[in-house]
Amino acid sequence: MEGLNYINGQWRPSRSNRWFEKRNPADTRDLIGRFPLSSADDIAEAVAAARQAYNHWRLVPAPRRGELVRKAGDLLVQRKEELARAMTREMGKPLVESRGDVQEAIDTAYYAASEGRRLFGYNTPSELPNKVNLSFRMPVGVCGIITAWNFPIAVPSWKIFPALVCGNTLVWKPSEDSPHCANLLAEILAEAGIPPGVFNVVHGDAEAGEALVRHPEVRLIAFTGSTAVGRRIASICGELNKKCSLEMGGKNPLIILPDAPLDLALEGVLWGAFGTTGQRCTATSRLILHRDIAEVFLQQLCERVHTLRVGNGLEEGVQVGPIINERQLQRIESYVQIGREEGARLLVGGYRLTDGEYAHGFFFAPTIFTDVTSQMRIFREEIFGPVLSVTVVDSLEEAIAVANESDYGLSSSIYTRDITAAFRAIRDLEAGITYVNAPTIGAEAHMPFGGIKATGNGHREGGWTVFDIFTEWKTVYIDYSGRLQRAQIDTDVVS
Ligand code: NAD
């Protein structure tokens, strides 16, 4: 299959005629397709189309824009199974998770569509007589969207649907690890009636991404990906004075206290750490166990980890899919080596799976290290794979302190039946999200999503807060007094 860029309502190759291949990570003999390795010229063409389309799109009433996004949601519903299968084939996660990914986009479409009838501004009383104060949300203009591969439809939808409802036009540079899913979403937006030029897709790698960030007509960059790349983008946006929202990495702690419902906690850890093969920004990558239950809990956890079914996500019963690519597999291997050298104790896993059904894919055994201290790199750095680091503590206070010893601040979790402990954790954990008696993963579309410290830069996607990213405030004063009234100066209006 030949995948193409989608620019100004047309499917076309890159001007440079360069290509990259995308293969199934569970079986690399399966070629998904080749896709354009685009350059700054392709970006310029897409931005020009988006700039032209903006003149019209910004004037389409927001409820009408919302109706088109709702139609996209309907089409996602109709094509959910097809999309989920294409997703699992392209990026590996088990089918049940891919269905969830598409469902998240459906939820986001309907939520964003309904916002077309709100997009509330504020009216306030004026300090002067015969004067009205209003405020409106205005579109930002041409927005650049740059995304990671691990939620190939859900994460882009968090940005694309609200941005469209707000009246922006878009150029999306999807991940080179999930280009086919990007084109399926583009097809859906085209079929929903989004006009040519309003939404564009340009494939490629860092070269295309950086050209998008630097393009002078692009007023905003909304990015999801690693902290290293996000920082680079933020510094360029700083120089060029662009609005920039960043959703970046995580190193998410899950605390278990002795009074916790331990069976529930066990299920939570398995799902949090090894769901999506640990390749989630919100993956549970640090387990912080109270000493009183540590030994027995770890024994049960290791027994269960041995029973996890690793394999091709399209097969029934598979719980843990492949790693996305060879580079990432090598990165995970190197962290296992680092963990050993640092003195952590490997309890289970720690190796590639290469035989039989694994021979042609990128598979890694679910892995647990214990005796991990907060100085170790495997405690501090995002591995982005099925590797769980365990630290044992003696109190709630120590657990929270250890949890906060991190550069990241995305998600966090505590298992306890003690309401006082739960509320202390809610208050004191340094993270954008805290779960009580649930693992670190499982965001809902209508709630703010994002993190602090090295995870974000103060924005939240999802929920009502995403509309702050994709709009600018216009403040309006209407003076119908018929004379010059000076704010802060003509204050004697009471008598
Ligand atoms: P990545 O940072 O390598 O790539 C993300 C995107 O940025 C890709 O489209 C890539 O082509 C592009 N890119 C790379 N270099 C660029 C540059 N110099 N200029 C512009 N664009 C550039 O991340 P990844 O490997 O695709 O995804 C994994 C990372 O994403 C993890 O760190 C994970 O935690 C994070 N993530 C975060 C969230 C969140 O919402 N916080 C969600 C999913 C994934």
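**A tour of the predicted model**

Start by selecting N5, which counts as buried because its relative accessibility is 0% (buried means under 20% relative accessible area, exposed over 50%, partly exposed in between, with a 1.4 Å probe and protein chains only). This is a predicted model, where local features need pLDDT of at least 70, side-chain atom pairs count only at pLDDT 80 or more, and totals for chains, interfaces and linings use all residues. Residues are numbered from 1 along each chain as its sequence is written, and side-chain values use heavy atoms, leaving out hydrogens and water.

**Around N5**

N5 sits in strand β1 (residues 5–7). Helices (H or I, at least four residues) and strands (E, at least two) are DSSP runs, numbered from the N terminus. Show side chains: those of N5 and S38 make a polar contact of 2.9 Å. Such a contact is a pair of N or O atoms within 3.5 Å; within protein, one must be able to donate a hydrogen and the other to accept it, and residues adjacent in sequence count only if both atoms are side-chain atoms. The N5 side chain also reaches the backbone nitrogen of H203, at 2.8 Å.

**Helix α1**

Next, select residues 40–57, helix α1. Its buried residues include D42, I43, A46 and W57.

Now select L76, I160, F161, L164, L189, F199 and F470. These have the most contacts inside the largest nonpolar core, which has 55 residues. Helix α6 (residues 179–192) gives the most to this core, with 8 residues. A second, separate core has 31 residues, including A294, F297, F363 and L388. A nonpolar core is a set of buried Ala, Val, Leu, Ile, Met, Phe, Trp, Tyr and Cys residues joined through side-chain atoms within 4.5 Å.

**Two domains**

Zoom out and colour domain 1 (5–248 + 456–476) and domain 2 (252–436). The bounds come from an automatic or database domain assignment. Over C-alpha atoms, the domain centres are 31 Å apart. Where they meet, 23 residues of domain 1 are in contact with 26 residues of domain 2 (heavy atoms within 4.5 Å).

**Two loop stops**

Select L119, in the loop between α4 (95–115) and β5 (123–125). Its phi is positive, near 40 degrees, though L119 is not glycine. Finish at T276, between α9 (262–274) and β13 (284–290). T276 has phi near 50 degrees and is buried, with a relative accessible area of 2%.

Methods: Expected span 1.5 Å × (residues − 1).
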